[in-house]
Amino acid sequence: MSLATLNASQANADSQVTQLARQLLDGGASCLSAREQRVILHVAKRMHVIQDVNIVLAEQQTFGERLADRVAQLGGSWAFIMVFTGMLLAWVLVNTVVLARSGGGFDPYPYIFLNLILSMVAALQAPMILMSQNRQAARDRLAAALDYEINVKAEVEIMSLHDKLDRIQIEHLEGMLITQSAQIEAVGKAVGIRTAKPITA
């Protein structure tokens, strides 16, 4: 990459930064979205953007949402299936075998009261599981938003590193040109040849 190309690239980057700075100074940060304001603030203050999704969600969770998560977690476990199957078998055995011998159970076959209880459990459990799934979708959206902020900050930091490396390379090339010009002039004086003016940055 030539020195002229590096200088042009640096000038272009500087003009873009100047234009962004003017835009922010004229319109203020209010013209940016809340996410962009957060990223700019973190970049300016050299703060970390990384946040734990679970902690952020726990701070926003209501009692009902926590209860829905617990019900969905319990309802989707083998422990629930085993306990519920045991309760159903006990209900059937008690009403069919034990209480039938003593004059009939309180819920004889075809177990109408048991069907009513199962319907009520299903009617309550289904919306709670849906609420928990909605919370999982919100968690995924929040995780994606936090990842986006981290990616934007990382991109800004990488661009800043590239700018610093370009500046270092330009300074190094300018130093080499000045040194070479001085050496050419010294050789010319030693040989007795008049040389052109040394190249300056």
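Student: How do the residues lining the second largest pocket divide into nonpolar, polar and charged?

Tutor: Two nonpolar, four polar and three charged residues make up that lining (Ala, Val, Leu, Ile, Met, Phe, Trp, Tyr, Cys and Pro count as nonpolar, Asp, Glu, Lys and Arg as charged, the others, including Gly, as polar). This is a predicted model, where local features need pLDDT of at least 70, side-chain atom pairs need 80 or more, and totals for chains, interfaces and linings use all residues. Numbering starts from 1 along each chain as its sequence is written, and side-chain values use heavy atoms, without hydrogens or water.

You can find the lining at N54, L57, A58, Q61, D69, S132, R135, Q136 and R139. The pocket holds about 160 Å³ of space (an open set of 1 Å grid points fitting a 1.4 Å probe, with protein on both sides within 12 Å along at least five of seven lines; lining atoms lie within 4 Å of a point; the volume is the space filled by probe spheres on the points).

Two helices (DSSP runs of H or I, at least four residues), α3 (53–60) and α6 (112–191), each supply at least two lining residues. With four residues, α6 gives the most.

These helices also meet each other: V53, N54, V56 and L57 of α3 contact R135, R139, L142, A143 and L146 of α6 (heavy atoms within 4.5 Å). Six nonpolar, one polar and two charged residues form this contact of α3 with α6.
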